[in-house]
Amino acid sequence: MTLLRKRIAKLLRRIGWLDFDLVAVMHREHPGPGALKSDEMVIVIDGEVRKWACLLCPGGCGSAISLSLNPQRRPRWAVLTDFWTRPTVSPSVHQTNACGCHFWIKDGVVEWCPGGHPAAATELP
């Protein structure tokens, strides 16, 4: 059912009826190198427990980001998905690598924090 929703969501996005940058897909194993797609967030589930949320950095650097969903670890994030499997992530994601991206993901849409988009940093005088 989730696969069908994801496909319908992508169709609705293509015709402009639904807006999102990411949809969530569930996997039992952590995605390997090169397995992530730019329009998907992989949520790794072990049994009934969500372990990781994995995505490619939306800033264009191509880095794979793995967010811990384990409530026993710090830092940790929470991911909620809506009917169309669009993820909402909290708190924000702040890359500490060279790209320095800082963003929220709400209803599958990447929302950049002020100064958190690499292009914004290059536009400053």
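**View A. Asp82 counts as partly exposed, at 22% relative accessibility.** This and the following views show a predicted model. Asp82 is the salt-bridge partner of Arg86, and their closest N and O atoms lie 2.6 Å apart. In contrast to Asp82, which falls in the partly exposed class, Arg86 is buried, with a relative accessible area of 15%. Also shown is Thr85, located in the loop between strand 5 and strand 6. Its phi is near 65°, a positive value in a residue other than glycine. Thr85 counts as buried, because its relative accessibility is 7% and the limit for burial is under 20%.

**View B. Lys10 forms salt bridges with Asp39 and with Glu40.** The structure holds 6 salt bridges. In the pair of Lys10 and Asp39, the closest N and O atoms are 3.1 Å apart. The contact of Lys10 with Glu40 has its closest N and O atoms 3.6 Å apart. Because Glu40 lies in strand 2 and Lys10 in helix 1, this second pair ties together parts that are 30 residues apart in sequence. Glu40 is likewise buried, with a relative accessible area of 6%. Lys10, Asp39 and Glu40 are part of a network of salt bridges that also links Lys6 and Arg13.

**View C. Leu11, Ile15 and Trp17 form a nonpolar patch on the surface.** Together, the three residues of the patch have about 380 Å² of accessible area. Leu11 is found in helix 1 (residues 2-14). With a relative accessible area of 46%, Leu11 is partly exposed.

**View D. The largest nonpolar core has 20 residues.** Met41, Leu55, Leu67, Val89, Phe103 and Ile105 are the members with the most contacts inside this core. Two or more residues each are given by strand 2 (40-46), strand 3 (49-56), strand 4 (64-68), strand 6 and strand 7. The largest share, 3 residues, comes from strand 2. In soluble globular proteins, nonpolar side chains tend to be buried together.

**View E. Four strands form an open sheet in the order 5-6-7-8, with antiparallel pairing.** Strand 5 (78-81) and strand 8 stand at the edges with a single partner strand each, so one side of each is left without a neighbour in the sheet. From one strand to the next, the twist averages 25°. Strand 6 (residues 87-94) and strand 7 run antiparallel and are joined by 3 bridges. Strand 7 and strand 8 (residues 109-112) also run antiparallel, with 4 bridges between them.

**View F. Strand 7 (residues 102-106) has a covered face and an uncovered one.** In a regular strand the side chains alternate between the two faces of the sheet. Which residues of strand 7 make up the covered face? Phe103 and Ile105 are on the covered face, while His102, Trp104 and Lys106 are on the uncovered one. Phe103 and Ile105 are also among the residues with the most contacts inside the largest nonpolar core. Ile105 is the bridge partner of Val89, and Phe103 has Trp112 in strand 8 as its bridge partner.

**View G. Strand 7 and strand 8 form a hairpin with 2 residues between them.** Asp107 lies in the turn of this hairpin, that is, in the loop between strand 7 and strand 8. Its phi is near 50°, a positive value in a residue other than glycine. Asp107 is partly exposed, with a relative accessible area of 38%.

**View H. The peptide bonds from Arg74 to Pro75 and from Ser90 to Pro91 are cis.** Omega is near -10° for the bond from Arg74 to Pro75. Pro75 is placed in the loop between strand 4 and strand 5. For the bond from Ser90 to Pro91, omega is near -5°. Pro91 is found in strand 6, the strand that 3 bridges join to strand 7.

Definitions and conventions: Residues numbered from 1 in each chain as written. Predicted model: local features only at pLDDT ≥ 70, side-chain atom pairs only at ≥ 80, totals over all residues. Heavy atoms only, no water. Buried < 20%, exposed > 50% of the residue type's maximum accessible area, 1.4 Å probe, protein only. Pairing = 2+ DSSP bridges. Axes fitted to C-alpha atoms, helices over the stretch in contact; angles between N-to-C directions. Patch = residues over 30% accessible without salt bridge, like charges linked within 9 Å, V, L, I, M, F, W, Y side chains within 5 Å. Areas by Shrake-Rupley, 256 points an atom, 1.4 Å probe, with all protein chains shown as cover. Salt bridge = Lys/Arg side-chain N within 4 Å of Asp/Glu carboxyl O. Core = buried A, V, L, I, M, F, W, Y, C linked by side-chain atoms within 4.5 Å.
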